[in-house]
Each structure stands twice: as structure tokens, then as C-alpha cells.
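Let's walk through this model together, one region at a time. Keep the viewer open as you read.

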Amino acid sequence: MMTKEVGILGGTFDPVHQGHIACADFVRRYCQLDEVRLMPCHLPAHRASPGVDGPTRADMVRLAIQGHQALQLEPLELNKDTPSYTVDSLQLLTAREPASRFYFIIGMDSLCYFRQWKNWQGILQHCHLLVCQRPGYQATEGDAPFLLEHYAVDNLSALKQQPAGAILLLPNPLNDISASQIRQQLHSSGTAAALDPAVLNYIQSRQLYR
């Protein structure tokens, strides 16, 4: 059976914006993946934007990925009533789909504190890490040097020779779009340039983030 190569891009997607889609698209093409799934995390009520619950964030992701055949919604963490931990989600995914190989997509900012994540070694037992460059963060900071010394590979073919446990730094174009800035723009003016028009229409019609 052919191994299915699946990227996972987790996040709050509050709201999903064009930076998320550009990142997912770049990673899928550069790493020659079959698909990339956007996986909104469970947010406790006190952390969620007022009126923007999990199903609403999922709806916005569905709208944003229309027309991107190889991008999918992964609703796994939204079906929980407890905090989302990446290691638990990857254990569920690998058990559910033993014929798939998973690639978890993070930013350099996350790599710099990755050893603070719950059971970070367990995460690497279930997937590879694909690390996107982020403005203002370097591979010389925080946890990154240790992790790269022990787990880095320097090319795609070396990555794909292993079932899991490797880290690859990606040469993605930088973008500094932030969901918090978009929420501020929506609150003050009711619009934001970095949103897919269908997502913006959905937000405006429901008066979200106002």
C-alpha cells in the first residue's frame, strides 16, 4: 500500500487568514505532500474570541480552503471538551490512519520553545517536524540549536527515508500577518485585507470580532 503523506497545520484559526493558506500551500508543494490539513485546536471558553466557537472557526477554514483541492479541514481537536495537546492528536491520527505518514508544521517561534510542549519526544515518535521561517526568530535561539543538533536533516530525501522523528527547516517566504492584528482591524473598521473574501463575508454577516 502506498504511504499517504499528510501535513498537519494546527492553530486557533481565529480567524483563518491568507498567511495560513499560503503557508499550507507552500509546504505541500515544497515537501511534495498529498495533502495538508488545517487542524483548529480546542479553545477553552475564556480564551476564545466572544461568539467565535469551534464550529465557527471550522466553518471559516472550510471557506478559506475552497478551491484548494489538497487542503483539508481536520476537525479532530474540535470534538474534544478538553485542551488540545499535539501529542494526543498525533497518537489518534497515527492509530486511525496507519498507512499515512504525518508531517507537523510549526513556525520557528514554536521550535524555540518546543521542549516545553507536552511530551515533545512523543510528538517526534509520531511525525516529522516541518519548520517555517518566521520574522524575528532564528534557529540559534531557545530550544532550536539542541533540537536541530539531534534531529535535523538537511534535505527532503533524507526526511522521507525515515518514518518519523526528523526536523526540516523550510525556505518559505516570510509573512507577518497575525490573527490578533486582523481581529483589531475587524473590531475598528469591520474589514481586513488579509482575509479570503468568503471568510470576510462570513465574519461580516455574523458581526464577529466587533
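## Before we start

In what follows, a residue counts as buried when its relative accessible area is under 20%, as exposed when that value is over 50%, and as partly exposed in between. Please bear in mind that this is a predicted model.

L156 counts as buried because its relative accessibility is 17%, and buried means under 20%.

Which residues does L156 touch, leaving out those up to four places away in sequence? They are Y30, C31, Q32 and L168. L156 and Q32 are 124 residues apart along the chain, yet their C-alpha atoms are separated by 9.0 Å. Q32 also has a backbone feature to look at: this residue follows helix α1, and its phi is positive, near 55°.

Helix α1 covers residues 18-30, 13 residues in total. From its first C-alpha to its last it reaches 18 Å, close to the 18 Å expected at 1.5 Å a residue. Its buried residues include G19, H20 and I21, and A24, D25, F26 and V27 are buried as well.

F26 and Y30 are both in α1, four residues apart, or about one turn of the helix. An α-helix has 3.6 residues a turn, so residues three or four places apart point the same way. The rings of F26 and Y30 form a stacked aromatic pair, with 5.4 Å from centre to centre and 15° between the planes. Are these two partners buried or partly exposed? F26 counts as buried because its relative accessibility is 14%, while Y30, at 38%, counts as partly exposed.

F26 has another contact to look for, this one with N172. N172 lies in the loop between β6 and α8 (179-189), and counts as buried because its relative accessibility is 13%. Besides F26, N172 touches C132 and Q133, again not counting residues up to four places away in sequence.

A search of the whole structure turns up seven aromatic pairs. F114 and W120 are both buried. Their ring centres are 6.3 Å apart and their planes lie at 65°, so this pair is edge-to-face. F114 and W120 also belong to a cluster linked by ring pairs, together with F104, Y113, W117, F146 and Y151.

## The sheet

The strands form an open sheet of six, in the order β3-β2-β1-β4-β5-β6, with parallel pairing. At the edges are β3 (71-73) and β6 (167-170), each of which pairs on one side only. From one strand to the next, the twist averages 30°.

Strand β1 (residues 4-11) and strand β4 (residues 100-107) run parallel and are joined by six bridges. To find your way along this pairing, look for V6, which stands opposite F102 in β4. Helix α3 (residues 86-96) lies across β1, β2 (35-40) and β4, and runs at about 160° to β4.

In soluble globular proteins, nonpolar side chains tend to be buried together. Here, the largest nonpolar core has 40 residues, and V16, V27, L38 and L130 are those with the most contacts inside it. Helix α2 (residues 54-65) gives this core its largest share, five residues. A second, separate core has 25 residues, among them L93, W117, C127 and L147.

The end C-alpha atoms of α2 are 17 Å apart, in agreement with the 16 Å that its twelve residues should span at 1.5 Å a residue. Its buried residues are G54, T56, R57, A58, M60, V61, A64 and I65. Among the elements covering them are β1, α1, β2, β3 and α9 (197-206). Just after α2 comes G67, with a positive phi of about 85°.

To see how parts of the chain meet, select L38. Leaving aside neighbours within four places in sequence, L38 contacts L9, F13, V16, I21, A24, V61, I65, Q72, L73 and E74.

Definitions and conventions:
Residues are numbered from 1 along each chain as its sequence is written. This is a predicted model: local features need pLDDT of at least 70, side-chain atom pairs count only at pLDDT 80 or more; totals for chains, interfaces and linings use all residues. Side-chain values use heavy atoms; hydrogens and water are left out. Helices (H or I, at least four residues) and strands (E, at least two) are DSSP runs, numbered from the N terminus. The expected span of a helix is 1.5 Å times one less than its number of residues. Buried means under 20% relative accessible area, exposed over 50%, partly exposed in between (1.4 Å probe, protein chains only). A nonpolar core is a set of buried Ala, Val, Leu, Ile, Met, Phe, Trp, Tyr and Cys residues joined through side-chain atoms within 4.5 Å. Contact means heavy atoms within 4.5 Å. Two strands pair if DSSP finds at least two bridges between them. Axes are lines fitted to C-alpha atoms, for helices over the stretch in contact, and angles run from 0 to 180 degrees between N-to-C directions. Rings of Phe, Tyr and Trp (its six-membered ring) pair if their centres lie within 6.5 Å; planes under 30 degrees apart count as stacked, over 60 as edge-to-face and the rest as tilted.
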